[in-house]
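Let's take a walk through this protein together, with the sequence and the model side by side. We will go strand by strand, then turn to the cores and the pocket.

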Amino acid sequence: MKIEKLSIEQVTAIYEEKLCKDFPKDEQKPLAFILKAMEAGNYECYGLMQEQELLSYAFFIKQGDTFLLDYFATVSGKRNQGLGAVFLGLLRQQLRDADCVIAEVEDPSFASSSDEKELQTRRYHFYLRNGFADTGVRASAFGVPFILIEMLLGQRHSEERVRQLYRMHYRAVLPEEIYQKAVRV
């Protein structure tokens, strides 16, 4: 298994064939936003590959040497085999020189059912077991409440710095009008 930086063509195929099935509609940014941000150098995407087969993918909003994990998933049929943990370990190596890598995890305290709460709690603990820490910052994007977590690469960042980075990353990929309506931190 190896990590590979994905091309615009690969990202388009993943978005159309996998991401649209792997994430709820209200969490999907339009593909055009992602591609425009990639072309501007504000978005990077990686795949966990075994030969030519995609096992997992991670899409990041990028600003300088800081990253916001936008999407992270293992492809259907490959889940629950430890691939997500392997991929996060490889991503930590890939991004080891980054100043900061933050991510959003759905906040289980807002779950609408006990099953949803259990799933969101499992996701949160998955990230904590795999090198992330809770920043103490809570936010929402497109109406989805999140806990902001940070990949442990060295120095931890203050809550104010995490808020600043979160805003900066979303502003890099969203028109201001949409940002103002959709993002709260």
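Lysine 62 stands opposite phenylalanine 67 in strand 4, and this pair is a handy place to begin. Before going on, please note that this is a predicted model, in which local features need pLDDT of at least 70 and side-chain atom pairs count only at pLDDT 80 or more, while totals for chains, interfaces and linings use all residues. Residues are numbered from 1 along each chain as its sequence is written, and side-chain values use heavy atoms, with hydrogens and water left out.

Strand 3 and strand 4 are antiparallel partners, joined over eight bridges. Strands here are DSSP runs of E with at least two residues, helices are runs of H or I with at least four, and both are numbered from the N terminus. Two strands count as paired if DSSP finds at least two bridges between them. Strand 3 and strand 4 make a hairpin with two residues between them, and glycine 64 in the turn has a positive phi of about 60°.

On to the other partner of strand 3. Strand 2 (residues 43-50) also runs antiparallel to strand 3, with eight bridges joining them. You can find glycine 47 opposite tyrosine 57, and glutamate 44 opposite phenylalanine 60. Glutamate 51, in the loop between strand 2 and strand 3, has a positive phi of about 60° although it is not a glycine. With 69% relative accessibility, glutamate 51 counts as exposed; the cut-offs are over 50% relative accessible area for exposed, under 20% for buried, and partly exposed in between, using a 1.4 Å probe and protein chains only.

Strand 4 and strand 5, by contrast, pair in the parallel sense over four bridges, with threonine 66 opposite cysteine 100.

Next come the side chains. A nonpolar core is a set of buried Ala, Val, Leu, Ile, Met, Phe, Trp, Tyr and Cys residues joined through side-chain atoms within 4.5 Å. The largest one has 39 residues, and those touching the most other members are Val11, Ile34, Tyr43, Tyr57, Phe59, Tyr166 and Tyr170. Apart from this core lies another, of 24 residues, including Tyr46, Leu83, Val101 and Tyr127.

Not counting residues up to four places away in sequence, phenylalanine 59 touches, among others, Leu6, Val11, Ile34, Tyr43 and Leu68, where contact means heavy atoms within 4.5 Å. Tyrosine 166 belongs to helix 5 (residues 159-173) and, at 0% relative accessibility, counts as buried. Leaving out residues up to four places away in sequence, the contacts of tyrosine 166 include Leu68, Ile102, Phe146, Leu148 and Val183. Tyrosine 166 and tyrosine 57 are 109 residues apart in sequence and 21 Å apart in space, C-alpha to C-alpha.

Finally, the pocket. On a 1 Å grid over the protein atoms alone, a pocket is an open set of points, where a 1.4 Å probe fits, with protein on both sides within 12 Å along at least five of seven lines; lining residues have an atom within 4 Å of a point. The largest pocket is lined by 36 residues, of which Phe72, Ala73, Arg123, Phe126 and Tyr127 lie nearest its centre. Helix 4 gives the largest share of this lining, eight residues.
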